[in-house]
Amino acid sequence: MTTHLDTHPRTHCAVDADGRITFRLPPAPASHPRLLLRLRPKKGRPETTLHLLDLEPGRADGGLHAVLEPHPALDEGRWDLYLVPEPGAERQRLRPGLKDLRALVDGHLRDRPSPVAVRIPYVTKDGFLALRAWRRTAHAEAGTIDVTEQAMTIEARLHGAELHEDATVRLRLRGTGTVRDLRPRIDDDGRGFSFTAGQEDLTGGDEARGRIWDAFVRPAADASPVRIGRLLDDVADRKHVFVYPALTAGGSSLRPYFTVDNDLAIEVTPTESPICPK
């Protein structure tokens, strides 16, 4: 039986409350080691965005460390991490070590200024260390989602902007120009809000059957819609982790869920013909 030695360095990381990430690697026999962050390109596209950090010796055992500061914010997407031992050397993917994400767990409790920038370390499906990054002018953080037999009520909090009296929640039927505007209940501080969506809001017309409603909030009548999602904690991929019940009405099943980008959506599925949302 042959055992293959994994030569990919293991990297520990810790995130503080300001979003600063410290990476720690084992000693490396290199003259100028650097940590490379690569924005993963879309399928079939070349890589275009790279970010390099110097790795400095920081401990008695010769271990290396690098600090990714909160600013400038990373472009939105998934960032793969590599060790570059020296200029011109082949880069090496990094395996995850210990991940200290405790500072992110209650991140939804802190108000964020504009732009709202988030970075969450996570482990890829093939076992490497990566970062999930978001950068948005404003963001509405989803909170409690309560599904009953008649409707679903969703609580959220706006970051990077304030709600006005004429604010609306907008549900947009994906791939169409169809929208539903709902009146939210706004908290006294102008940031927190909630809304309720029922059968009549989500199943009107044949085009809504077997479709997806994406959820936004418009802070004012003349403001751009802000996506509602869940970004401000330590979960990089929510879709298959947080699964909510569905309500059944009018021959359809209505279920809130988080997309692959952690944005909030509502799936409308004909009860006789289920679909798989993206």
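Predicted model: local features only at pLDDT ≥ 70, side-chain atom pairs only at ≥ 80, totals over all residues.
Residues are numbered from 1 along each chain as its sequence is written, and side-chain values use heavy atoms, without hydrogens and water. Local features need pLDDT of at least 70 and side-chain atom pairs 80 or more, while totals for chains, interfaces and linings use all residues.

User: How many residues of strand β22 are buried?
Analyst: Strands are DSSP runs of E, at least two residues, numbered from the N terminus. Buried means under 20% relative accessible area, exposed over 50% and partly exposed in between, with a 1.4 Å probe and protein chains only. On one side of β22, L264, I266, V268 and P270 are buried, and on the other A265, E267 and T269. For residues 264-270 the count is seven of seven.

User: Which residue in β22 is the bridge partner of W213?
Analyst: Two strands pair if DSSP finds at least two bridges between them. Strand β18 (residues 211-218) runs antiparallel to β22, with four bridges. The partner of W213 there is I266.

User: How many residues apart in sequence are the parts that D237 and R78 tie together?
Analyst: A salt bridge puts a side-chain nitrogen of Lys or Arg within 4 Å of a carboxyl oxygen of Asp or Glu. D237 and R78 form one, with the closest N and O atoms 2.6 Å apart. Because D237 lies in the loop between β19 and β20 and R78 in strand β7, the separation is 159 residues.

User: Is D214, the salt-bridge partner of R227, buried or exposed?
Analyst: The closest N and O atoms of R227 and D214 are 2.9 Å apart. R227 is in strand β19 and D214 in strand β18. With 10% relative accessibility, D214 is buried.
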